[in-house]
Amino acid sequence: MGAYHAGSRAVQDLVGVRDRADHVGRSLGQDIKPVAAAFLELQPLIVMGAADPGTGRVWASPVSGRPGFVRATGPRRMSVAGGPPPADPLATALATPGVRAGSIALDPRTRRRMRLNGRVRPTARGFAVDADQVFSNCPKYIQRRESCAWVPDRAPGTPRTAGELGDAQAGFVTAADTFFLATVHPGGADVSHRGGNPGFVRVLSPRELAWPDYPGNAMFLTLGNLRADPRAGLLFLDWTTGTTLQLTGEAHTEFTGGGERTVRFTVTEAVETPAALPLRWSAPEYSPANP
């Protein structure tokens, strides 16, 4: 599979960065290198993204565990012990062989992140992903959180589902400094990270969000996916309480003068799960790259 599909190429050409994208795209490979394998084994959290095989809706879901629960078990395979709970909207996809899935492991302690995209393979202990693409990103827009504590007695609450955001959920979104964005295209899936100072995601109405697309690595994998297929899933985390807010819907990018870009997202369904993750992170130190 090539580094870029037609959607990404169209955005690169529109912005005028095809040459730079070709240079950066050399970092995309299929192998999980030893430094990447070591990084994975230190992580207590990975975010998965895929389209539900039944509904077609795209979701981003967190999977957590003690460090070592996710690791490389071959040069092109990432294995995860456990998985999302049965009620999670991505549970069916991650239990279905051959589903195209994206993943991101982001470590706020070191401002490092790694992405791996490929095909799901259910296992006796959880699931694996056979890699099509493996690559790392720069630390831009990652908020540093110096410590992460495991909270073993935290029990997830009952998920609450709605077709739009309530007032408290809107406040959750506007207070966020980080979220994760799952997208798909005809040949695969991807999960990326978006970060900024609180307020960078705006709630325009109970069913519409918008955020600026800050300058990045010029690959335009996410915006390229949205150009090819508008389906998307968003994941917001409360880094202290472990509460999660998952949104699914459709997104499109608006290109304005001066090279600025805004992504608008329309909510189809929202799922809030209190205390979903047994993790408590320290307060953020905002990225110096944040506008």
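This is a predicted model: local features need pLDDT of at least 70, side-chain atom pairs count only at pLDDT 80 or more; totals for chains, interfaces and linings use all residues.
Author: Residues are numbered from 1 along each chain as its sequence is written, and side-chain values use heavy atoms, with hydrogens and water left out.

Reader: Why is Ser61 called buried?

Author: Buried means under 20% relative accessible area, exposed means over 50%, and partly exposed lies in between, with a 1.4 Å probe and protein chains only. Ser61, which lies in strand S2 (residues 58-64), has 0% relative accessibility and therefore counts as buried.

Reader: Why does Val15 count as partly exposed?

Author: Val15 has its place in helix H1 (residues 6-15), and its relative accessibility is 33%, so Val15 counts as partly exposed.

Reader: What makes H1 and H5 roughly perpendicular to each other?

Author: Angles of 65 to 115 degrees count as roughly perpendicular, under 35 as roughly parallel, over 145 as roughly antiparallel, and the rest as oblique. H1 and helix H5 (residues 221-228) pack at an angle of about 115 degrees, with their axes 7 Å apart, and the two helices are therefore called roughly perpendicular.

Reader: What makes H5 mostly covered?

Author: Six of the eight residues of H5 are buried, and among them are Leu221, Leu223 and Leu226.

Reader: How do you know that the side chains of Arg76 and Asp31 meet in a salt bridge?

Author: A salt bridge is a side-chain nitrogen of Lys or Arg within 4 Å of a carboxyl oxygen of Asp or Glu, and for Arg76 and Asp31 the N to O distance is 2.7 Å, so the pair qualifies. This pair links distant parts of the chain, with Arg76 in the loop between strand S3 (70-74) and strand S4 (77-81), and Asp31 in the loop between helix H2 (18-24) and helix H3 (34-41), 45 residues apart.

Reader: What makes the contact of Arg111 with Glu285 a salt bridge?

Author: The closest N and O atoms of Arg111 and Glu285 are 3.9 Å apart, which is within 4 Å, and the contact therefore counts as a salt bridge.

Key
Helices (H or I, at least four residues) and strands (E, at least two) are DSSP runs, numbered from the N terminus. Axes are lines fitted to C-alpha atoms, for helices over the stretch in contact, and angles run from 0 to 180 degrees between N-to-C directions.
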